[in-house]
Amino acid sequence: MFQGAAALSLDAKGRLAIPARHRDALVPDGAPLVVTAHPHKCLLVYPKAVWDPIREQVAAMPGLDPSAAALKRLLIGFAQEEELDGAGRVLVAPSSRQWAGLDKQVWLVGQGTHFELWSDAGWQKQQEAMLALASGALPAGFESLAL
């Protein structure tokens, strides 16, 4: 279960040091992880075993529907299998960094089965959007949630 938000830095080569507490779950037995683009202009970071069934579902979507085809191009087209180096770092491809607007400061945000990787500016916008939700109606399914 991946949870929490961590402010991290990309190095000059575009590598991200994965926090040690998440490495074993993210790359069990040295398996690769998968980094892909998300329509909200962040990146998704999945253990390969979790990503594979999602990729199959996306690949099965109709290719002639313009919206489905666009999502397939985004999710599968940007997907990169990467391995951690000896220092626990993963390379984030230049095309993926450009898509998400990643510079030096980034945010790794747990989403249960995977992480989102946000630029600092993108994460700040998400926090502002979260605050705006507090004054409006809750999304479907959250009405009865007790915290």
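User: Which helix does Leu75 lie in?
Analyst: Leu75 lies in helix α3; helices (H or I, at least four residues) and strands (E, at least two) are DSSP runs, numbered from the N terminus. Before we go on: this is a predicted model, where local features need pLDDT of at least 70 and side-chain atom pairs count only at pLDDT 80 or more, while totals for chains, interfaces and linings use all residues. Residues are numbered from 1 along each chain as its sequence is written, and side-chain values use heavy atoms, with hydrogens and water left out.

User: OK. Is Leu75 buried or exposed?
Analyst: Leu75 counts as buried because its relative accessible area is 15%. Buried means under 20% relative accessible area, exposed over 50%, and partly exposed in between (1.4 Å probe, protein chains only).

User: And what does Leu75 touch?
Analyst: Not counting residues up to four places away in sequence, Leu75 touches Thr36, Ala37, Leu44, Trp51 and Val58. Contact here means heavy atoms within 4.5 Å.

User: Which other residues of α3 are buried?
Analyst: In α3 (residues 66–77), Ala68, Ala69 and Leu74 are buried along with Leu75. The buried residues of this helix pack against β3, β4, α2 and α4 (94–100).

User: What's going on at the start of α3?
Analyst: There, a side-chain oxygen of Asp65 reaches to within 3.1 Å of the backbone nitrogen of Ser67.

User: Switching to the sheet. In what order do the strands sit?
Analyst: Six strands form an open sheet, in the order β1-β7-β8-β4-β3-β5, with antiparallel pairing. Two strands pair if DSSP finds at least two bridges between them.

User: Which strands stand at the edges?
Analyst: β1 (5–9) and β5 (80–82) do; each has a single partner strand, so one side of each has no neighbour in the sheet. Neighbouring strands of the sheet are turned by 25° against each other on average, direction ignored. Those axes are lines fitted to C-alpha atoms (for helices, over the stretch in contact), and angles run from 0 to 180 degrees between N-to-C directions.

User: Which helices pack on the sheet, or lie across strands?
Analyst: Helix α2 (residues 48–59) packs on the sheet, touching β3 (33–37), β4 (43–47) and β5, and its direction makes about 115° with that of β4. Helix α5 (residues 120–133) lies across β1, β7 and β8, and runs at about 110° to β8.

User: Zoom in on β3. Which way do its residues point?
Analyst: Leu33, Val35 and Ala37 point one way, Val34 and Thr36 the other way, and all are buried.

User: How many bridges join β3 to β4?
Analyst: Five, with the two strands running antiparallel; Leu33, for instance, has Pro47 in β4 as its bridge partner. β3 and β4 form a hairpin with five residues between them, and Lys41 in the turn has a positive phi of about 70°. On β5, three bridges pair that strand with β3, again in the antiparallel sense, and Glu81 in β5 is the bridge partner of Val34.

User: Which residues of the largest nonpolar core touch the most other members?
Analyst: Leu16, Leu43, Leu102 and Leu117, out of 22 residues in that core. β3 gives the most to this core, with three residues. A second, separate core of six residues includes Val34, Leu44, Trp51 and Leu75. A nonpolar core is a set of buried Ala, Val, Leu, Ile, Met, Phe, Trp, Tyr and Cys residues joined through side-chain atoms within 4.5 Å.

User: How many aromatic pairs are there?
Analyst: The structure holds five. In one of them, the rings of Tyr46 and Trp51 have their centres 5.5 Å apart and their planes at 45°, so the pair is tilted. Rings of Phe, Tyr and Trp (its six-membered ring) pair if their centres lie within 6.5 Å; planes under 30 degrees apart count as stacked, over 60 as edge-to-face and the rest as tilted. Phe78 and Trp99 also form a tilted pair, 5.7 Å centre to centre with 50° between the planes.

User: Why does the Phe78 and Trp99 pair tie together parts that are apart in sequence?
Analyst: Because Phe78 lies in the loop between α3 and β5 while Trp99 is in helix α4, the pair links parts 21 residues apart in sequence.

Notes
A polar contact is a pair of N or O atoms within 3.5 Å; within protein, one must be able to donate a hydrogen and the other to accept it, and residues adjacent in sequence count only if both atoms are side-chain atoms.
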